[in-house]
Amino acid sequence: MKAKWVGTAAALAVTLAGGAALGQGAADVIKARQQGYKAQGAAFKTINDELKKDAPSVAAIQKATKVLADTATMQYRWFPKGSGPEAGVKTAAKPEIWSDAAGFTAAQKAFQAEAGKLGQAAAKGDLGAIRPQVGATGRTCAGCHNKFRVKT
Ligand code: HEC
């Protein structure tokens, strides 16, 4: 599962490195980004599901926080100009991502910072620190979605 979307992300990196106008490539970029978010959402769900158990698996949580760390790094390449609604492909990305680029970057950084702290708490295996940090990380997901993602 992880290998699958990492491969797509690598393809995306190649697409962007080409520097060509997005054109036909926009559909691929949007698809890769959505797969990245799917992996991010699945990892976050894994953490929440573990925490509901009587004996959460710290190993599973640690693995999931690594996915979050990866997507937090990659997200900065997921929104080249031309990959918004104007691409004519189904996407929940709002035009504000590009019109308020500073606000969007701030939302990305907030997520990366909180996901990083979550990774640190998980590395220590400290459930007492993991629990509140999951909440803090989740608020950065919602903070960005509220402003920059079309409600589905
Ligand atoms: C900086 C902004 C931002 C942050 C932070 C963010 N997201 Fe999103 N997310 C988006 C945008 C924009 C989309 C829509 C992408 C598209 O449709 O092209 C999206 C889409 C998604 C999707 C749907 C993917 C699909 O198409 O099936 C899921 C699931 C998701 N995000 C989960 C999360 C979770 C969980 C977190 C936090 C751990 C998170 N996101 C943090 C901006 C963000």
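Author: Three helices, α2, α5 and α6, each supply at least two residues of the shell around the ligand, where helices are DSSP runs of H or I with at least four residues, numbered from the N terminus. The largest share of that shell, 7 residues, comes from α2. This is a predicted model, in which local features need pLDDT of at least 70 and side-chain atom pairs count only at pLDDT 80 or more, while totals for chains, interfaces and linings use all residues. Residues are numbered from 1 along each chain as its sequence is written, and side-chain values use heavy atoms, with hydrogens and water left out.

Around the ligand there are 22 residues, of which Thr91, Ala92, Cys141, Cys144 and His145 come nearest; a residue counts as near if one of its heavy atoms lies within 4 Å of the molecule. By class, the shell holds 12 nonpolar, 7 polar and 3 charged residues, with Ala, Val, Leu, Ile, Met, Phe, Trp, Tyr, Cys and Pro taken as nonpolar, Asp, Glu, Lys and Arg as charged, and the others, Gly among them, as polar.

Some polar contacts (pairs of N or O atoms within 3.5 Å) can be followed atom by atom. An oxygen atom of the ligand lies 2.9 Å from a polar side-chain atom of Gln34, and a polar backbone atom of Ala92 is 2.8 Å from an oxygen atom of the ligand. On the side chain of His145, a polar atom lies 2.8 Å from a nitrogen atom of the ligand.

Technical notes. Polar contact = N/O pair within 3.5 Å; in protein donor to acceptor, adjacent residues only side chain to side chain.
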